[in-house]
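Please look over the sequence and the structure below before reading the briefing. The notes that follow are grouped by topic.

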Amino acid sequence: DALVIYEKHKNNFVQRSCFLCGGGDFMEADDFHGSYKIKRCNTCSSHSVNPAPNEEALNDYYNNGKCNLLLDDLLKARYKKTADFILDDRIKIV
């Protein structure tokens, strides 16, 4: 699913600052199947995707990705709930 979303939305990925320290100096650390770039912040050494998927790409991934739709079906069958209950529990913790 990640590769499908990347191909569909790659032109709208956005450069971002480090999510931990706010730094803007990165070194390429790895890539994900030749698509997403994993970068290491030169200030705090954290790793993240950069450029990152924008909100539209993330919404597409979480709402239309086959793996997420299959998970939703499994959860409905097993617990009679939708995948939203996972997010609800995480929101309560935060």
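Buried means under 20% relative accessible area, exposed means over 50%, and partly exposed lies in between, computed with a 1.4 Å probe on protein chains only. This is a predicted model, in which local features need pLDDT of at least 70 and side-chain atom pairs count only at pLDDT 80 or more, while totals for chains, interfaces and linings use all residues. Residues are numbered from 1 along each chain as its sequence is written, and side-chain values use heavy atoms, with hydrogens and water left out.

**Cysteines**
- At 38% relative accessibility, Cys67 is partly exposed, and Cys21, with a relative accessible area of 36%, is partly exposed.
- With a disulfide taken as a pair of cysteine sulfur atoms within 2.5 Å, the count is zero.
- Cys21 is in no disulfide, its nearest cysteine sulfur being that of Cys41, 3.6 Å away.

**Sheet**
- Helices (H or I, at least four residues) and strands (E, at least two) are DSSP runs numbered from the N terminus, and two strands pair if DSSP finds at least two bridges between them.
- Three strands form an open, antiparallel sheet in the order 1-2-3, with strand 1 (26-32) and strand 3 (47-49) as the edge strands, each pairing on one side only.
- Strand 2 (residues 36-41) pairs with strand 3 in the antiparallel sense over three bridges, and Arg40 stands opposite His47 in strand 3.

**Tyr61**
- Tyr61 lies in helix 2 (residues 55-64) and, at 22% relative accessibility, is partly exposed.
- Not counting residues up to four places away in sequence, Tyr61 touches Asp1, Ala2, Ile5, Cys67 and Asn68, where contact means heavy atoms within 4.5 Å.
- The C-alpha atoms of Tyr61 and Ile5 are separated by 6.3 Å, although these residues are 56 residues apart along the chain.
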